[in-house]
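What follows is a short walk through one protein chain. Keep the sequence and the coordinates open while reading.

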Amino acid sequence: MNDIIDVQSNEEKAQGLKNIGWVSYVLHLIVAVGAVLPGAQASALLLIIALVLDLVKRGDAEGTWQANHFSWRIRSVVWAGVLYLVTFPFWLLGLLLFNPAWIVISLWFLYRIVRGMLAMSKNQAVDA
C-alpha cells in the first residue's frame, strides 16, 4: 500500500496566501471607503473578519514577501482603532455630529489599504 502525501508546492502556497491577502484587503477597503463616505458605513464585522483572517494566516506567510502584508494590515487596524479611541472625546464634544480627527484617521486608513493593495498587485512587500 502506498502512502499518499499531500505536499503543497511553494507556488501553490504563495498563491493561496495571495488570495487570502486579497480577500482581507477587499474587506478592509469596504470598511475604509465606508468610513470616508458619508452614509456609507460598512459593518465593523467585516473589519473583525479581516483582522482574524490576518492573525490566523500570518504564520503561514513567515519568510515570504507576503508576511509584510499581513503585518501591514494588522498594524493598520490596530493603529486606527487606537487613534479612534483616543479621539473619541472630541466626537463627544462635537455633540456626536462631527469629528475632524476621525476624517483624518479614516483617510489615513484608506491610504494604507490602497498602498498595500498596489504593492500586492506587483508581488512586492509594502515599503514601511
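This is a predicted model: local features need pLDDT of at least 70, side-chain atom pairs count only at pLDDT 80 or more; totals for chains, interfaces and linings use all residues.

**Helix packing in the chain**

Helices α2 and α3 are oblique to each other. Two packed helices are described by the angle between their axes and the distance between the axes. For α2, residues 44-57, and α3, residues 67-93, the angle is about 140° and the axes lie 10 Å apart. Since angles over 145 degrees are needed for the label roughly antiparallel, an angle of about 140° leaves this pair in the oblique class, and therefore α2 and α3 are called oblique. The crossing of α2 and α3 is left-handed.

Which residues make the contact? On the α2 side they are L47, L51, D54, L55 and K57, and on the α3 side F70, R73, I74 and V77. Sorted by class, the contact of α2 with α3 holds six nonpolar and three charged residues, and no polar ones.

The second pair is α1, residues 10-36, with α4, residues 100-121. The axes of α1 and α4 come within 9 Å and cross at roughly 155°. That angle makes α1 roughly antiparallel to α4, because the cut-off for this label is over 145 degrees. As with the other pair, the handedness can be stated: α1 and α4 cross in a left-handed sense.

The residues that meet here can be picked out helix by helix. From α1 come K18, G21, W22, Y25, V26, H28, L29, A32, V33, A35 and V36. They meet S106, L107, F109, L110, I113, V114, G116, M117, M120 and S121 of α4. The contact of α1 with α4 has 15 nonpolar residues, five polar residues and one charged residue.

A50 is found in helix α2. Is A50 buried or exposed? A50 has a relative accessible area of 0% and is therefore buried, the cut-off for buried being under 20%. Apart from neighbours within four places in sequence, A50 is in contact with S24, L27 and H28. V26, in helix α1, has a relative accessibility of 38% and so counts as partly exposed. The C-alpha of V26 is separated by 9.6 Å from that of L46, 20 residues apart along the chain.

After the helices comes one backbone detail. Most residues other than glycine have a negative phi. N123, which is not a glycine, has a positive phi of about 55°. N123 is found in the segment after α4. With a relative accessibility of 42%, N123 counts as partly exposed.

The chain as a whole can now be described. Its secondary structure comes to four helices and zero strands, and the pattern along the sequence is α-α-α-α. The chain has 128 residues, of which 30% count as buried. Among contacts between residues at least 6 apart in sequence, 63% join residues at least 24 apart. The chain exposes about 8,300 Å², with carbon and sulfur atoms supplying 68% of that area.

Notes
Residues are numbered from 1 along each chain as its sequence is written. Side-chain values use heavy atoms; hydrogens and water are left out. Axes are lines fitted to C-alpha atoms, for helices over the stretch in contact, and angles run from 0 to 180 degrees between N-to-C directions. Helices (H or I, at least four residues) and strands (E, at least two) are DSSP runs, numbered from the N terminus. Angles under 35 degrees count as roughly parallel, over 145 as roughly antiparallel, 65 to 115 as roughly perpendicular and the rest as oblique. A crossing is left-handed if the near helix is turned anticlockwise from the far one by less than a right angle, and right-handed if clockwise. Contact means heavy atoms within 4.5 Å. Ala, Val, Leu, Ile, Met, Phe, Trp, Tyr, Cys and Pro count as nonpolar, Asp, Glu, Lys and Arg as charged, and the others, Gly among them, as polar. Buried means under 20% relative accessible area, exposed over 50%, partly exposed in between (1.4 Å probe, protein chains only). Accessible areas come from the Shrake-Rupley method with a 1.4 Å probe; for residues, only the protein chains shown count as cover.
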